[in-house]
Amino acid sequence: PDFPPDTARRLSGLAAVAMHAGDARWKSIATTPGETIGRGNKLRATRVHFQQPTTLMLQLRTGMGVGVKADVLAYLLASWDRSRPWASTATIVGATGYTASAVRRAADDLAAARFIDKPVTGEAELTGQRLYAAEPERWVRALGMGNIEPGWRSWRERFVLVCAVRETNRRLAQHPFSDYALGVELRALLEKHRASFTRDRVVTPQQLEDADDWPAAFAQATDLLAGWIRHNA
């Protein structure tokens with residue numbers, strides 16, 4: 001629901017391609033009429049070698065299935081901080097995009113299986129939230145990695161931003177617009193997707209709050225975000 005309607009239409013087209021190739025798991029997504037996304041070659045996907053921290057989520061999804069449990073574990077491992085090891089349900093929901101109930105059920109199951117930890121003291125009671133953690137050192141050997149580098153990258157929020165910019169660009173291209181209208185649209189994008197820019201300290205909140213030229217502020221913010229992506233992808 002965070003994505004523009006056009007994204008669902010195009011995703012439906014991709015699902016149709018996957019189903020045509022024999023993967024019935026995409027059936028639930030192919031629910032809306034959409035364009036068929038074809039491909040002009042017959043290149044097949046290559047198998048990923050699970051030897052780097054960058055393939056952590058793919059490795060967990062391969063072993064545990066594509067779903068909330070693999071993604072919750074990946075988030076906890078990649079966001080581990082010895083000084084602040086615990087992550088709340090709300091934090092995990094914001095990072096992964098799953099519902100709070102789905103995250104709680106999955107995390108409680110993982111904790112019951114001793115894949116992850118839950119506080120045994122009153123720490124969770126003090127915050128009023130369920131807290132979870134997964135120490136990477138306990139998983140390095142099992143996953144065959146030399147190390148698991150900390151630093152979760154919030155790509156989901158940035159994907160939503162890119163889709164929103166694309167939708168805004170499409171809408172503005174259909175009708176003539178004034179400089180004022182452009183400023184209003186870009187201000188709305190910056191305010192609605194503020195977390196995409198301020199997370200990871202790419203842009204400071206003050207830079208957005210002090211803006212009076214919204215096209216210039218948008219250009220600066222997206223340039224900084226693009227630079228961050230090039231160095232962190």
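A residue counts as buried here when its relative accessible area is under 20%. In this predicted model, Y75 has a relative accessibility of 9%, so Y75 is buried.

**Aromatic pairs**

Let's turn to the rings. The structure holds 3 aromatic pairs. In one of them, Y75 meets W152 with the ring centres 5.0 Å apart and the planes at 80°, so this pair is edge-to-face. Y75 sits in helix α3 (residues 68-78), while W152 belongs to the loop between α7 (140-143) and α8 (155-174), so the contact ties together parts that are 77 residues apart in sequence. W152 is buried as well, at a relative accessible area of 19%.

F115 and W139 also form an edge-to-face pair, with 5.5 Å from centre to centre and 65° between the planes. Here F115 comes from the loop between α5 (100-112) and α6 (123-127), and W139 from the loop between β2 (131-132) and α7, so parts 24 residues apart in sequence are tied together.

| Residue | Relative accessibility | Class |
|---|---|---|
| Y75 | 9% | buried |
| W152 | 19% | buried |
| F115 | 32% | partly exposed |
| W139 | 14% | buried |

In the second pair, then, W139 is buried, whereas F115 is partly exposed.

**A charge over a ring**

One more contact is worth a look in the viewer. R158 lies over the face of W228, at 4.4 Å from the ring centre.

Terms used: Residues are numbered from 1 along each chain as its sequence is written. This is a predicted model: local features need pLDDT of at least 70, side-chain atom pairs count only at pLDDT 80 or more; totals for chains, interfaces and linings use all residues. Side-chain values use heavy atoms; hydrogens and water are left out. Rings of Phe, Tyr and Trp (its six-membered ring) pair if their centres lie within 6.5 Å; planes under 30 degrees apart count as stacked, over 60 as edge-to-face and the rest as tilted. Helices (H or I, at least four residues) and strands (E, at least two) are DSSP runs, numbered from the N terminus. Buried means under 20% relative accessible area, exposed over 50%, partly exposed in between (1.4 Å probe, protein chains only). A charge sits over a ring if NZ of Lys or CZ of Arg is within 6 Å of the ring centre and within 35 degrees of the ring normal.
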